[in-house]
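Visitor: I would welcome a guided introduction to this structure. Please begin by showing it.

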Amino acid sequence: MLFVTLSISNLQRKSLMLSVSDNPQKLIILDRDGVINKDSADYIKSVDEWLPINGSINAIVKLKQAGFKVAIATNQSGVGRGYYSESILSAMHKKLADLLAVFNVAVDYVAYCPHLPDANCACRKPRPGLLSEISEALSVDLCGAIMVGDSLRDLQAGITLGCQPVLVLTGKGQATLKQLKNNDIKSDIAASDIDVFDDLSEFVNHYLNINSV
Ligand SMILES: [Mg+2]
Ligand SMILES: [Zn+2]
């Protein structure tokens with residue numbers, strides 16, 4: 001499999017490249033840890049450790065209210081490592097669902113990879129299997145969809161299937177930005193434009209043309 005690498009030369013910050021009209025299926029795919037909830041180097045192992053990032057719940061609500069489909073694509077190798085079970089993982093996602101239900105909205109689909117990195121599965125990002133799963137489950141084409149992540153592999157998985165990559169600086173985002181800036185990553189397929197935002201909330205306000213403050 002050929003993985004996409006990204007070129008720093010086109011890295012933009014808060015640019016105006018993104019347009020809702022370029023996303024005909026109105027699909028937004030989110031990484032979970034470091035995008036929706038706070039990440040930890042020790043993994044998020046329990047419902048109590050699953051804590052939303054400021055503004056992220058509200059951002060998902062705004063996307064849903066604007067008629068977007070919102071899906072989650074998340075690597076959860078902690079399951080394969082035995083740090084937490086799939087039922088605990090479901091309970092974390094129930095916590096998210098409960099927070100959204102207050103606003104009468106729901107995430108359309110959650111795709112997760114429970115495998116260890118060396119399992120060579122087709123779903124662990126940067127491989128695009130989780131995104132294909134979302135495409136099938138929701139019967140939507142991914143072309144033009146937005147992939148929001150805090151790690152390079154999120155963006156790579158998205159670009160592989162024609163999604164527009166968005167980097168947020170929460171979670172591992174700052175480190176990812178540094179990685180993109182420091183490394184002279186050569187491009188296998190095509191240099192891609194990446195939009196960079198402080199967090200999910202800032203991205204959504206920008207994308208939906210909502211004036212913040
Ligand atoms: Mg992440
Ligand atoms: Zn997997």
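**Questions on the fold**

Visitor: What share of the contacts in the protein chain with a separation of 6 or more is between residues 24 or more positions apart?
Guide: Two residues are in contact if their C-beta atoms, placed from the backbone, lie within 7 Å. Among contacts in the protein chain with a separation of 6 or more, the share from residues 24 or more positions apart is 72%.

Visitor: How are residues and chains labelled, and what pLDDT do local features need?
Guide: Residues are numbered from 1 along each chain as its sequence is written, while chains are lettered from A and ligands numbered from 1 in the order in which they are written. This is a predicted model in which totals for chains, interfaces and linings use all residues, side-chain atom pairs count only at pLDDT 80 or more, and local features need pLDDT of at least 70.

Visitor: What is the mean pLDDT of the protein chain?
Guide: pLDDT is the predictor's confidence in each residue, from 0 to 100. In the protein chain, 85% of the residues reach 70 or more. Over residues 186–192, pLDDT stays under 50. The mean for the protein chain is 89.

Visitor: In what order do the elements of the protein chain run?
Guide: Helices (H or I, at least four residues) and strands (E, at least two) are DSSP runs, numbered from the N terminus. The protein chain has seven helices and seven strands. From the N terminus on, the order is β-β-α-β-α-α-β-α-β-α-β-α-β-α.

Visitor: What percentage of the 213 residues in the protein chain is buried?
Guide: A residue is buried if 20 or more other C-beta atoms lie within 10 Å of its own, exposed if 12 or fewer, and partly exposed in between. Of the 213 residues in the protein chain, the buried ones make up 41%.

Visitor: Why is α5 largely enclosed by the rest of the structure, and which elements do its buried residues pack against?
Guide: Eight of the nine residues of α5 are buried, so the helix is largely enclosed by the rest of the structure. Among these buried residues are L152, D154 and L155. After α5 comes G162, with a positive phi near 85 degrees. The elements packed against the buried residues of α5 are β2, α4, β5, β6, α6 and β7.

Visitor: Within what arc do the buried residues of α4 fall?
Guide: Helix α4, residues 129–138, has L130, L131, I134 and S135 buried. Seen down the axis of α4, these residues line one face of the helix, because the directions from the axis to their C-beta atoms fall within an arc of 145 degrees.

Visitor: Which exposed residues does α6 carry on the face turned away from its buried side?
Guide: In α6, residues 173–182, the buried residues are G173, T176 and L177. Seen down the axis, they fall within an arc of 100 degrees, so they line one face of the helix. They pack against α5, β6 and β7. The face turned away from the buried side carries K178 and N182.

Visitor: How far apart in space are I57 and L96, C-alpha to C-alpha?
Guide: I57 lies in helix α1, residues 56–65. I57 counts as buried because it has 20 C-beta neighbours inside 10 Å. I57 and L96 are 39 residues apart in sequence, and their C-alpha to C-alpha distance is 8.1 Å.
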